[in-house]
Amino acid sequence: MRILSLLFDFIGFGFGIPIGLVLGFFIFIYSKPEDVKDPIIKPLDEIDTGSLIDLLHEIPPWVKHPDYERIDWFNKALYDMWPYLDKAICGIIRSATKPIFAEYIGKYQIKSIEFETLTLGSLPPTIYGMRVHETTENELIFEPAIRWAGNPHITVVLKLLPFRFTAQLVDIQIFAAPRIILRPLVPSFPCFANVVVSLIDKPHVDFGLKIQGGDVMAIPGLYQFIQEFIKRQVASLYLWPQTLDIPILDSSLSGTIKKPVGILHVKVVKALKLLKMDIIGTSDPYVKIKLSGERLPSKKTTIKMRNLNPEWNESFRLTVKDPQTQILQFDLYDWEQIGTHDFLGMQIVPLKVLIPHETKELTLDLVKNTNPYDPVNKKGRGHLIVELTYNPFIDDHGNYSGPLDGKVAGEKSHQSKSRKGSKDFSCFSSLEAAGLLSVTVQGAEDVSGKNRSNPNPYALVSFGEETKITKMLRKTQCPSWNEEFQFVIEDASLKEKIHIEVMSKKRFGFRRQESLGYIDINFSDVVYNGRIRGKYNLINSKNGVIHIETQWNST
């Protein structure tokens, strides 16, 4: 009898638990909820201390943080525009997901995937506060606190074999605090070229999911798993410092200048079997080197007199801004003392064929033009042997230093500590690697000559043996140049200085040029910090201030 009792106990336990779980699941799903009572609303001064502490996380950011601002006017406008925004956003979602759904049709016996219903509901998101950051950068940064407790109705229908499955997304709640950066600011509508979005904290996402009418989120343990999974996935993609970059304007339309991304080392070795252009049966060849997308003058080799197989072994350095689209062009000419130089041949090399940090030797067949179907190109024009090496810059976003409040400071104030930690450059005399020094002369304030009249200012930027000059502006004490100069550096002493001097030029008189002040920036500071941006007091000037940005990119 004891054995039978134990047997019946096990059978009852084995059948009772599954049946109880199934009955409880269906009762929980299909039972009618009780009527929700209206909440009791009280002023804050009538709430006791304990209840107020429980409500602290619900207080809007503009109450807890003084740097957040209320934007009720924007929420009102968003509420009025929401029906139209709903249709526009849903149209974008349909067009974006259509090619994604099309990839799965025909696979795994799937016949179709489509939206049966798609609407974001009647409740728009609410922005509880907005914080705007002021920086000295050419950008606009703001952080909205967004909450959306929506009532969307999104139903996706999947047809698999003869079966039809439906998945419905309902009751979405999203709490997020994104950081939105509009940069760079440009003089073309809408006045910014890119939108950069990142999340400051992990977002809170809650929603209901019904499959075939049953709420799968009610399954024990599944709700917490999906919540944590979504938070991890979103955080891995968009949690700062990860960003989502959205281009708004093309660089050619926005007027922005692409930043250099590397240095191209070009060595012109020699040429073979060139054409005879002179009467005596020889040529005086030289090579011009040009990189597409650059307005700078072409690089030139020396002239080899009376030589059809010249050897140069000359090296050049060019800054690269887009290795996927830029093209390197070689043009060979026969030098003439009088008249135009005779064209010997040309050839092009797309930079995308180069492997970073690897030297590639190429033997180029010279042609008359780039048309492969032109019969003139069948005639041999000789060969050009070159060596190319592309060294991209090291991507190091952590190297930034400079005043964030935009206050006027002397040169010493810009020698702040970098995130790389303290490092003493006094023991080094030269650079360990090549790189590019970029100097942007933005503008100046309160520059005036000895007679206090409005000068005609321009700026000289000198480093090593190179000197570059900005355009001259007429009769102003607050010039705005916004010009960038680049210095390709291989061997340089860290003890050198970047010399920037503001000059004024007169049209008449004995002293036509006059110095309005100068500054010297330690090259080691720029290499150490990576990037410095700020205002400098001009030396030998009463109140003059100049705005300078310097950046170092190493290869």
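Author: Welcome! The model is predicted, so local features need pLDDT of at least 70 and side-chain atom pairs count only at pLDDT 80 or more, while totals for chains, interfaces and linings use all residues. Residues are numbered from 1 along each chain as its sequence is written, and side-chain values use heavy atoms, with hydrogens and water left out.

Reader: Why is valine 439 called buried?

Author: Buried means under 20% relative accessible area, exposed means over 50%, and partly exposed is in between (1.4 Å probe, protein chains only). Valine 439 has a relative accessible area of 0%, so this residue counts as buried. Valine 439 is found in strand β19, where strands (E, at least two residues) and helices (H or I, at least four) are DSSP runs numbered from the N terminus.

Reader: And why does glutamine 442 count as buried?

Author: Its relative accessibility is 15%, so glutamine 442 is buried under that cut-off. Glutamine 442 also has its place in β19. In that strand, residues 435-445, ten of the eleven residues are buried.

Reader: Which residues does valine 439 touch beyond four places in sequence?

Author: Contact means heavy atoms within 4.5 Å. Leaving out residues up to four places away, the contacts of valine 439 include Val461, Phe485, Ile500 and Ile548. Isoleucine 500, with its neighbours within four places set aside, is in contact with Val439, Leu460, Tyr518 and Ile546, among others.

Reader: What makes a set of residues a nonpolar core?

Author: It is a set of buried Ala, Val, Leu, Ile, Met, Phe, Trp, Tyr and Cys residues joined through side-chain atoms within 4.5 Å. The largest such core has 30 residues, of which Leu437, Ile500, Phe523, Ile546 and Ile548 touch the most other members. Among the elements that each supply at least two residues of this core are β19, β22, α7 and β26. A second, separate core of 28 residues includes Trp312 and Leu364.

Reader: How do you know that arginine 164 forms a salt bridge with glutamate 116?

Author: A salt bridge is a side-chain nitrogen of Lys or Arg within 4 Å of a carboxyl oxygen of Asp or Glu. The closest N and O atoms of arginine 164 and glutamate 116 are 2.6 Å apart, so the pair qualifies. Arginine 164 lies in β5 (residues 163-176) and glutamate 116 in β1 (residues 110-119), so the pair ties together parts that are 48 residues apart in sequence.

Reader: How many salt bridges does a search of the whole structure find?

Author: The search finds nine. One of the pairs is arginine 179 with glutamate 143, with closest N and O atoms 2.7 Å apart. Arginine 179 is in β6 and glutamate 143 in β3, 36 residues apart. Glutamate 143 is buried at 3% relative accessibility, whereas arginine 179 is partly exposed at 22%. Salt bridges that share partners join Arg131, Glu143 and Arg179 into one network.
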